[in-house]
Amino acid sequence: MSNLKKQIKATAMASALLVSASVSSLGAQQKAGILGVDHVGINVPDMDQAVNFFTDVLGFSAVTTLGPIPLDDVWKKNNHMQSGTGAVTIKMVKAGTGANIELFQYQDNKGSKQFPGGDDLGASHIAFYTDDIKQSVTFLKSKDVQFLGDPFLMPSGDTEGETWVYFLTPWGAKMELVSYPNGKGYEKNKPTTVLWSPKDVHSSKSEISSKTLSESEILSLVETHLAIWNESDLKKREALMKKVYADNIEMVDSHFIAKGFKEINGFVEDLQRKAPGSKFTHIKAIDVNHNIARLFWQNGTPEKADAVTGMDLFVFENGKAVKLYVFVDSKK
């Protein structure tokens, strides 16, 4: 650690150069169409062990699974893999706010079983942000996680105010806890580019979600939802959507899932084309339970207003509907 302290000033200078380079390369990023880091992939010797660690110890969520997928010789050759290695199983883990983690396990793996050393080419680690690093260390130690030293507070340079510590996974991979609740030193100079941080995303979401919708506000949003589905003018309908639906809203039907304004708009237009003159109306009063609402509806013409009946279930977050579950009653 003493050697590290001696290198802090040199590290600070290198960090400043990296930040400067990131600004100059922004144009290239835009040309490549890159929005950000989607996931980090790592190989693990035992998938069950890895998933249990990420879910039971770190509290993440395992979301998707692929495989086992057999790999042909051409794929192995192109990807610099041993010819005798077997099929691969892949699981994607949601790691809170930030990039996902993709886990790979190869059957009968003929690759190296030795982890890269700290100074080896290809060595890498994943750093997880925490607001309270002492609390996180205490909890992880209670789960028998091995730490490679004690948390170290950076006293100066671009990372001044950052506390970090390395730890090992059960299979021996090195990872990191990091915390800088009051920001980092370089931010004091108001740089053109600020590093992304899950801390900032979490804070902004907390501020937005701190405003809880009242029952009357939810009732008004659901009423506007009815108006959306009865509106034939596209521009007017989109304006109403922005008031009620989150940009990433998902409408979940028993046969499909529509995501975002464009897909929902397409469904509404198709419905209006197939049933011209039909309108959505209430069957009974809207039910509200905290951030959940139920709308029992009917759709039809004045001659037969209940040609189709059903129920919409809304989930509201941050003042708008993020989920819309559609239940259509069976035809009588």
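This is a dialogue on how to read some features of a predicted model.

Reader: How are residues numbered, and what kind of model is this?

Author: Residues are numbered from 1 along each chain as its sequence is written, and side-chain values use heavy atoms, with hydrogens and water left out. The model is predicted, so local features need pLDDT of at least 70 and side-chain atom pairs count only at pLDDT 80 or more, while totals for chains, interfaces and linings use all residues.

Reader: How many helices and strands does the protein have?

Author: Helices (H or I, at least four residues) and strands (E, at least two) are DSSP runs, numbered from the N terminus. The protein has 10 helices and 16 strands.

Reader: What share of the residues is buried?

Author: Buried means under 20% relative accessible area, exposed means over 50%, and partly exposed lies in between, with a 1.4 Å probe and protein chains only. Of the 332 residues in the protein, 33% are buried.

Reader: What share of the contacts joins residues at least 24 apart in sequence?

Author: Contact means heavy atoms within 4.5 Å. Among contacts between residues at least 6 apart in sequence, the share joining residues at least 24 apart is 50%.

Reader: What span does helix H8 reach, and what is expected?

Author: The expected span of a helix is 1.5 Å times one less than its number of residues. H8 covers residues 215-230, which is 16 residues, and reaches 23 Å from its first C-alpha to its last, close to the expected 22 Å.

Reader: Which residues of H8 are buried?

Author: An α-helix has 3.6 residues a turn, so residues three or four places apart point the same way. In H8 the buried residues are Ile218, Leu221, Val222, Thr224, His225, Leu226, Ile228 and Trp229.

Reader: At what angle do H8 and H9 cross?

Author: Axes are lines fitted to C-alpha atoms, for helices over the stretch in contact, and angles run from 0 to 180 degrees between N-to-C directions. Angles under 35 degrees count as roughly parallel, over 145 as roughly antiparallel, 65 to 115 as roughly perpendicular and the rest as oblique. The axes of H8 and H9 cross at roughly 155 degrees and come within 9 Å. H8 and H9 are therefore roughly antiparallel.

Reader: Is the crossing of H8 and H9 left-handed or right-handed?

Author: A crossing is left-handed if the near helix is turned anticlockwise from the far one by less than a right angle, and right-handed if clockwise. For H8 and H9 the crossing is left-handed. On the H8 side the contact is made by Leu221, Thr224, His225, Ala227 and Ile228, and on the H9 side by Arg237, Leu240, Met241, Lys243 and Val244. Ala, Val, Leu, Ile, Met, Phe, Trp, Tyr, Cys and Pro count as nonpolar, Asp, Glu, Lys and Arg as charged, and the others, Gly among them, as polar. The contact of H8 with H9 has six nonpolar, two polar and two charged residues.

Reader: How do H8 and H10 cross?

Author: Their axes cross at roughly 60 degrees and come within 9 Å. That makes H8 oblique to H10. Ile228, Trp229 and Asn230 of H8 make the contact with Ile264, Phe267, Val268, Leu271 and Gln272 of H10. By class, this contact of H8 with H10 has six nonpolar residues, two polar and no charged ones.

Reader: How do H9 and H10 pack?

Author: H9 (residues 234-244) and H10 (residues 260-274) pack at about 135 degrees, with axes 11 Å apart. H9 and H10 are therefore oblique to each other, and their crossing is right-handed. Leu234, Arg237, Glu238, Met241 and Lys242 in H9 meet Phe261, Ile264, Asn265, Val268, Glu269 and Gln272 in H10. The residues of the contact of H9 with H10 divide into five nonpolar, two polar and four charged.

Reader: Which residues have a positive phi without being glycine?

Author: Most residues other than glycine have a negative phi, and most peptide bonds are trans. His80 has a phi near 55 degrees, and His290 has a positive phi of about 55 degrees. His80 lies in the loop between helix H5 (73-78) and strand S3 (88-94), and His290 in the loop between strand S13 (287-289) and S14. His80 is exposed at a relative accessible area of 76%, and His290 counts as exposed at 71%.

Reader: Which residues does the cis peptide bond join?

Author: The cis bond joins Gly67 and Pro68, with omega about 10 degrees. Pro68 is in strand S2 (residues 61-69).
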